[in-house]
Amino acid sequence: MKHLPQVRFGWFCAFLYIIALSFVVFQGGKTSLMLFVIMNGLGLYLLLGRWSGIGGIQGTRALAAATGQDGLYAAGSRLRVRLQMHVPGFWPLPYVIVRERLVRLSGSDLQEYELSFVPDYKRRGQVEYESAPLRRGRYKFLETRCSTRDIFGLFEHQGTFREDLQIKVLPRTVELQEWRHLRKARTGQIEQRASSLWAKETTQIDGVREYIHGDRMSRIHWNATARTGQWKSKEFEREALPRFVIVLDRRAGAYRSAESFELAVSTASSLLNLALRRGMPVGFVSAGRETAWFGAGKAPVNRELLMEHLIDVEADGEEPMDVVLRKTAERFESGASFVLVSPSMEDETLFALEGLTAKRTGPSHIHIAERTPNPEPSERLLHWARTFRGRQWELCSITRLEELPMALEAGTA
C-alpha cells in the first residue's frame, strides 16, 4: 500500500510523456519540440537520481560525554554524538537527511533524531547532536537512515549504514564522606574505628616495615634496625572488620514508581562506593526474581562485576523481604552489618531484622520514601522511626538522592 502513491505518480508521468510526444507528432512546431526536449531532460535527471550514491553511504560515529569513559556513562548524562558521512558517486546532491535511533535494550525507550547536512565537493558531511538524559541501562544505536530528494522534491532516495555500538549507563551515585553508623566506636555489636585502614591492630607481629615519622618507641624493631642500619618498625596484624552487607529490595510490589526504584539502586551503589573506598569487606544482596549474592561465604566482591549487575536490575522480585533477610543471615557470617535499602515498613520485615540481632549484627535501614506534596513524614514512618530508636538501630528516610549524605550523617533514628 505504501508504494501505491509512487505507482500512481509513475502512471501520471507516463501520461504526460505521451501527451508531449503526441503534441510533437500531431502539432509540430518549435514550441512542442521545446517542451518535449525539456520533459526528456527532466525525466533523465530524475531517473539518474537513482544512482546518486546515497544507497552506498558510509559513516562513522564518535561519542563524548562529560562523565563517560570506556563506554560507561552515569545515569542522567547526555551523549554528544558526531556523525561523519561520505556519499560515493558523482551525481549532485542538494542535501542529505539523517535519521538516528537510540534504543534502550531493557525497556521500550526509543530516542529518534532527525538532522540534515549539505555535502561538500568531496561528497562528505558531518552532523552533531546531543541526546536526552539517559536512564540506567544498556543502549544501542539502530541502523542510521539517510535520504535525499531531487531539486524538485519529487523522488526520495534512501540508504542506510550500521555501526554497532553499545552504551552502558551506570546508576547515578552521590559522593558520601561519612556515615554515623560506620563511625561508631566499640558498640558491642559492630567494632569499627575510623582509621586509615578501618581496622584494629592486634598484638601479633606480622612483619617489619619502614619507620614512619611519629611511630612510638615501642614500635621500633631494634634487631632489624641494627641489622640494616636503618630505622625499622614492627607491623602488627589487624582484626578483620565486620562485613558490610547491602540488601537491595527489588520486589515489584514494593515501589509505586520507577523513580523510587531508581533511587533505591542509586542509594545502594553510593553505599557500595563508600564501603569500598574505606577498604571494608563488602557483601551485596540483590533480591529480585533471581536473588544474586555477592561476597557470600567471605568471598571478595568484584566491583566491576557488581556494577554490571546493577546496570540491568529491574523491580521484578516476588519473594517476601523477611524470607530474603533470613536467607541473607544464613549466607553471611555472624557479626556482619546489614543495611536494607527498601521502602518496606512491614511488620514481617521488622521481625526479620530482630532475628538478625541474634547473630550479633547491627541492622540498619535506608528507607526509600515516595515524594508527596506534604513534606511531613507519615504516621507509619514516625512509628517505624520510634521502633528503630527503641532498639538502637539506624534509620534514615530519603526522597531524593541528594538527601542521602546529610541523612547518613544525621540519621533519623
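A: Let's go with R136: setting aside neighbours within four places in sequence, R136 is in contact with A75, R104, V169, L170, P171, F261, E262, V265, L310, I311, D312 and V313 (contact being heavy atoms within 4.5 Å). Before going on, this is a predicted model, so local features need pLDDT of at least 70 and side-chain atom pairs count only at pLDDT 80 or more, while totals for chains, interfaces and linings use all residues. Numbering runs from 1 along each chain as its sequence is written, and side-chain values use heavy atoms, with hydrogens and water left out.

R136 lies in the loop between β6 (124-130) and β7 (137-141); strands here are DSSP runs of E, at least two residues, numbered from the N terminus. With 1% relative accessibility, R136 counts as buried (under 20% relative accessible area with a 1.4 Å probe, protein chains only; exposed is over 50%, partly exposed in between). The R136 side chain makes a polar contact with the side chain of E262 at 2.8 Å, and also reaches the backbone oxygen of I311 at 3.0 Å. A polar contact is a pair of N or O atoms within 3.5 Å; within protein, one must be able to donate a hydrogen and the other to accept it, and residues adjacent in sequence count only if both atoms are side-chain atoms.

The whole structure has seven aromatic pairs. In one of them, the ring centres of Y255 and F261 are 5.3 Å apart with planes at 80 degrees, so the pair is edge-to-face. For Phe, Tyr and Trp (its six-membered ring), centres must lie within 6.5 Å; planes under 30 degrees apart are stacked, over 60 edge-to-face, the rest tilted. Both Y255 and F261 are buried.

β6, which came up with the loop, belongs to an open sheet of three strands, ordered β1-β3-β6 with antiparallel pairing (two strands pair if DSSP finds at least two bridges between them). β1 (58-64) and β6 stand at the edges with a single partner strand each, so one side of each has no neighbour in the sheet. From one strand to the next, the twist averages 15 degrees, using axes fitted to C-alpha atoms and angles from 0 to 180 degrees between N-to-C directions. Seven bridges join β3 (residues 80-86) to β6, and R82 stands opposite E128 in β6.

Note on methods. Helices (H or I, at least four residues) and strands (E, at least two) are DSSP runs, numbered from the N terminus.
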